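Please walk through the fold of this protein chain, taking its sheets and the helices packed on them in turn.

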Amino acid sequence: MAGRTVLISGAGIAGPTLAYWLARHGMRPTVVERATTVRSSGSPVDVRGPAVEVAERMGIMPRLREAATDVRGLSFVDAAGRRVGRVNMRAVQRAAGSSEVEVPRGDLASILSEASRDHVELLFGDSITTLSQDPGGVEVTFERAAPRRFDLVIGADGLHSTVRRLAFGPEPGYVRHAGVWVATLRLDRPAEDPHHVVMHNTPGRAVAVHPSMGGPALAAFMFRGPMVPDFDHRDAGQHKRMIADAYAGGSWRVPELLEQVAATDDLYFDSVSVVDLPRWSHDRVAVLGDAASCVSLFGDGSTLAIAGAHTLAEELAASPADHAAAFGRYEMRHRTLVEPKQRSVDQAAAMMIPATSAGILTRNLATRLWPLGAAAVWTRRRLAAHPQGA
């Protein structure tokens, strides 16, 4: 693959990681990103298990630890702000033998982008419009740039992947709404508690405030609801109306937080969905990260994106003359990490967003067992989901 040209769509987590490792193996990656800059919004995410080793080999772990949040626990509160349940996250991590680090998503994307910047061609503010494959390569047209030809094209462009749509067909054929919606935004001030995520639940609704190291807190809204027939993932006005409707009459800090939703120009909002593709490659085109296998509510997507990008680069380097075999090995290896996480979406929703008052009470009472019995269950699930390390 030395000198081969690879177009990567998406400059989030998977795209820059893949570009870094492809360049290390002598390939020539180009990253195209619809946004004009790396996105700053999004909830904190975890770098754990196999992703930690990849980050260490990239030399970015010191920067990730500098940017890491200092969250020590998760507190559940009632309408008056009184704590009704608590999870000691440090104890859970110790019980699991975890070396994970939690980082704001924007910081992780920036650090990965900077690590790969000197080795990759970047096309910000642009997007792929057509792909045309032949035995020798892929002809690509863009919204702004002139048409070009690449040896391979990789879609690392998220849940609503343009590459997946062009190569595999329309999104409804492969994407299943998991019955939950998520929104995140930066608030206008730091969190009152710099060490705890604070979450308030009502049936089918959750709102949380997450501290950030020395900066504004993050707010997250998670609520149950069916797919909206005319949902447009780029329509911020529609997103704000959906959040306002879902949380109308809300308690705790909800009215104040809704005011900030209305005022923000940097809101992330989307369906929690499961992507189910029979195959992750089609001739010279493959998909990676959420484009291939959107997963869970627990921040695992970034870990899987980093690990998957490294695996894909490794397999392409292992068979320079046979990209089809490389794509097949990448998929076989990475599905063993992804599929258990896809099956756990309902379990994650049951914990974070109980559907009934009784479910909220049961969850709050169960947190009194943490990190004892629950930590053991957590550890077993992590090990089952990540055979290479929790």
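A residue counts as buried when its relative accessible area is under 20%, and as exposed when that value is over 50%. The model discussed here is predicted. With that cut-off, strand β11 can be read residue by residue: L152 and I154 point one way, V153 and G155 point the other way, and all are buried. In a regular strand the side chains alternate between the two faces of the sheet.

The protein chain as a whole has 390 residues, of which 57% count as buried. Its secondary structure comes to 14 helices and 18 strands. Among contacts with a separation of 6 or more, 72% are between residues 24 or more positions apart.

Strand β11 belongs to an open sheet of six strands, ordered β7-β2-β1-β11-β18-β17, with mixed pairing. At its edges stand β7 (121–124) and β17 (281–282); each has a single partner strand, so one side of each is left without a neighbour in the sheet. Helix α1 (residues 14–24) packs on this sheet and touches β1 (5–9), β2 (28–33) and β11 (152–155), its direction making about 170° with that of β1.

Strands β1 and β11 pair in the parallel sense over four bridges, and L7 has V153 in β11 as its bridge partner. The pairing of β11 with β18 is also parallel, over three bridges. There, the bridge partner of G155 is V287 in β18. Strand β17 and strand β18 (residues 285–287) pair in the antiparallel sense over two bridges, with H282 opposite V285 in β18. Strands of a sheet pair through backbone hydrogen bonds, either parallel or antiparallel.

A second open sheet has seven strands in the order β5-β4-β13-β14-β15-β12-β16, and the pairing is mixed. Strands β5 (83–88) and β16 (268–275) stand at the edges, each with a single partner strand, so one side of each lacks a neighbour in the sheet. From one strand to the next, the twist averages 20°.

Strands β12 and β16 run antiparallel and are joined by eight bridges; the bridge partner of A183 is F269 in β16.

Further into the order, strand β13 (residues 196–202) and strand β14 (residues 205–212) pair in the antiparallel sense over five bridges. H200 stands opposite V207 in β14. Helix α13 (residues 357–366) packs on the sheet, touching β4 (73–77), β5 and β13, and its direction makes about 150° with that of β13.

S75 gives a local view of strand β4, where it is found. Its relative accessibility is 6%, so S75 counts as buried. Apart from neighbours within four places in sequence, S75 is in contact with R83, G85, R86, H196, V197, V198 and M199.

Two packed helices are described by the angle between their axes and the distance between the axes. For helix α7 (residues 236–246) and helix α8 (residues 254–263), the axes come within 10 Å and cross at roughly 170°. That angle is over 145°, the cut-off involved, so α7 is roughly antiparallel to α8. In this contact, K240, I243 and A244 of α7 meet L258, V261, A262 and A263 of α8. By class, the contact has six nonpolar residues, one charged residue and no polar ones.

Which residues of α8 are buried, and which are exposed? V254, L257, L258, Q260 and V261 are buried. Seen down the axis of α8, the buried residues fall within an arc of 160°, so they line one face of the helix. On the other side of α8, E259, A262 and A263 are exposed. The buried residues of α8 pack against β12, β14, β15 and α7.

Terms used: Residues are numbered from 1 along each chain as its sequence is written. This is a predicted model: local features need pLDDT of at least 70, side-chain atom pairs count only at pLDDT 80 or more; totals for chains, interfaces and linings use all residues. Side-chain values use heavy atoms; hydrogens and water are left out. Axes are lines fitted to C-alpha atoms, for helices over the stretch in contact, and angles run from 0 to 180 degrees between N-to-C directions. Angles under 35 degrees count as roughly parallel, over 145 as roughly antiparallel, 65 to 115 as roughly perpendicular and the rest as oblique. Contact means heavy atoms within 4.5 Å. Ala, Val, Leu, Ile, Met, Phe, Trp, Tyr, Cys and Pro count as nonpolar, Asp, Glu, Lys and Arg as charged, and the others, Gly among them, as polar. Two strands pair if DSSP finds at least two bridges between them. Buried means under 20% relative accessible area, exposed over 50%, partly exposed in between (1.4 Å probe, protein chains only). The arc is that of the directions from the helix axis to the C-beta atoms.
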